There are 2 protein chains.
Amino acid sequence: MKLQQILIAVLLVASAPSQAQETRYELHGVAGPYVVEQLVNGFSQPIAIEFLPDGKALVAQRNLGVITRVDFRNGERVDIAAMPGEFKVSDAGLHDVELHPDYTHTGWIYITYSEGDPHYSTLVIDRIRLDGDKIRDRERIFTADAYAETLYHYGGRMQFLEGYLYVSVGDRQHPERAQDRSNHTGSILRLHDDGRVPVDNPFVGLEDEAKPVRPEIWSYGHRNPQGLYVNPQTGELWSSEHGPRGGDEVNRIVKGANYGWAEISFGFEYEGGPIGKGIVSQEGMQQPVWVYVPSIAPSDLVFYQGEAFPAWRGSWLIGALALTHLNRLALQDGAVVLEERLVNGLLGRIRSIAVDSAGLVYLGSDLGGIWRLRPL
Amino acid sequence: MKLQQILIAVLLVASAPSQAQETRYELHGVAGPYVVEQLVNGFSQPIAIEFLPDGKALVAQRNLGVITRVDFRNGERVDIAAMPGEFKVSDAGLHDVELHPDYTHTGWIYITYSEGDPHYSTLVIDRIRLDGDKIRDRERIFTADAYAETLYHYGGRMQFLEGYLYVSVGDRQHPERAQDRSNHTGSILRLHDDGRVPVDNPFVGLEDEAKPVRPEIWSYGHRNPQGLYVNPQTGELWSSEHGPRGGDEVNRIVKGANYGWAEISFGFEYEGGPIGKGIVSQEGMQQPVWVYVPSIAPSDLVFYQGEAFPAWRGSWLIGALALTHLNRLALQDGAVVLEERLVNGLLGRIRSIAVDSAGLVYLGSDLGGIWRLRPL
């Protein structure tokens, strides 16, 4: 079987106005043939797809600042929440939507977004409760000390693990702040579900040169992690991170660890020239599990353990913005032994990934569509 | 099917003294289970494996400077040729052995090796003809102008394509010479089978700043290509190249092209700090097809189109020295869509690769063994 991308058919399907033209591809991956089909269209930068218990999904549209509830089975959609304020440009906007681990009882939906104005902004976390299609409760649970005049590198991906809420904060284009633990810039944080600081966080009560270390910090030295997910087989938290030109990373997140940005990196400045010390490793700093050179611009990250694609079980799936594909990393004894580039060049910038209860894979593309992968 | 390396059995087999202990593994790759078994042992840096029409193979032992004829079917071996001189240290020694495309009629066997002394050496090509186990004819067909005081970066891999002999020459640890076309350092050369210069080579008759460009040069700006092979499906010549720390490359070789070393690179100096201009691309310089970061230290390269592993057809196989595995790159529309790391960490430094007429894959390891991969 030759590994060749075979476009079999383009179907025109009668549908709602915003999804006037649907497309379907039959492709071959190393694990066999699969189908990619467009389910809906017309989304603005769908940065997060989160399934609800009833099988519907929440889709966060980044620059539009709107969370939409979608039923992929019939295409029905309703806008249910919006980011407050008008600050939705460049990287700013919505960054993630995540259900409370006990959503069925608590009803809490967590959202991250940029807050401020075009000259001074940061990342915040609200949680909301719905009453039908309307917001009933809204609470600010956390405001990151990651204010900057730039409009980039917010991070903002959330993940629950053992009841704690982890959230990534980008370097806000101030690389030097990623090593400064007196602010939240360039860190992964760990919070209680109401925003309080867990007492067993690694830096609680510590000081750096007479400045208190932010007690929410779980790990630091990150650049712009837009993927954060738990491998349920091991309980490990992993991240996917935008590096500089070259040097995108996938990291295994360890409590209290320093991931080296901007002291060490495999990448270069986009305008040329070395990063930090121009070295790739240093005592006391973590090395990535995988590095993408040239940059793929990794977005969302999920661990696959679904039924639909047995050969993908135990793989990480990572969206690629710049190199426009779905990246699959398979592991063996903790080391990557396979990198596969799926739907390569086909769907535009892949910004979000979700897996449903049957193991089918959903991809949100900056072209505006949500696509589904299923075995042929 | 979980992608997991499963060691099933270790067999002790009665055999010749130099191969007292043979080992067999059953492993799982993404294309299914396969068996790795040791055929022979006791080779010193087996840098090239070349099959003869009768099914026996020539194995070049780098630092030993000896070419041995081996019958993998019964373990019989005989040393048939040696590198002249005693200059067999560091990277110096034998680099490749290659049959003439019409070997059955011409009988020519081409060998590359280091010539000189520990303070001044270069790369040369001889061709020999055998009479039984003895050398009958020996001709020097080429001496590269790649003299240096170092003992590293000779390149030396050969490949015939459409009757022409291509050979790689490393930068001899003089990076600045790779851009200087008045010598052969850091180049891939194209010769007639007797060493003469083809008149349609890209730089015949050209001068650089009043210095004649070496007319043998086909492409330049290379660091240390130890793999050179033709994709018979496309007729393209590809190379695998040792980069600096980070920045190992796989390249599609284009007539007359500049591969950028040491002006541009994805890598760093091993001691830290940028390479050349600290940039990864520049107008007029080729970009690699694939980059390995961190470095795997690529050695030999072959294009797989055998029968035994149908799923591997159309893949490049690359040996890895530092990261001790067999690397498989599968392509789709000319872009890499898959990187698989086979026999990961199992066989030591993989220095040579060959495929027999049935499509079974042979690997020469610096641990001294030749191993064979076959489907389970």
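Predicted model: local features only at pLDDT ≥ 70, side-chain atom pairs only at ≥ 80, totals over all residues.
User: What makes up the secondary structure of chain A?

Analyst: Chain A has one helix and 27 strands.

User: How do you know whether the radius of gyration of chain A agrees with that of a compact globule?

Analyst: A compact globule with 376 residues would have a radius of gyration near 21 Å, and chain A has 20 Å, so the value agrees. Along the principal axes, the C-alpha atoms fill a box of roughly 65 × 50 × 40 Å.

User: How many of the residues of chain A count as buried?

Analyst: Of the 376 residues, 62% count as buried. The accessible surface comes to about 13,600 Å², and carbon and sulfur atoms account for 49% of that surface.

User: Why is Gly93(A) called buried?

Analyst: A residue is buried when its relative accessible area is under 20%. Gly93(A) has 0% relative accessibility, so Gly93(A) counts as buried.

User: Which residues does Gly93(A) touch, leaving out those up to four places away in sequence?

Analyst: Gly93(A) touches Arg62(A), Met83(A), Phe87(A), Thr112(A), Tyr113(A) and Ser114(A). A contact here needs heavy atoms within 4.5 Å. As for C-alpha atoms, those of Gly93(A) and Gly65(A) are separated by 5.5 Å, with the two residues 28 apart along the chain.

User: What share of the contacts in chain A between residues at least 6 apart in sequence join residues at least 24 apart?

Analyst: The share is 53%.

Methods: Residues numbered from 1 in each chain as written. Chains lettered and ligands numbered in written order. Heavy atoms only, no water. Buried < 20%, exposed > 50% of the residue type's maximum accessible area, 1.4 Å probe, protein only. Helix = DSSP H or I, 4+ residues; strand = E, 2+ residues; numbered from the N terminus. Rg over C-alpha atoms; globule rule 2.2 N^0.38 Å. Areas by Shrake-Rupley, 256 points an atom, 1.4 Å probe, with all protein chains shown as cover.
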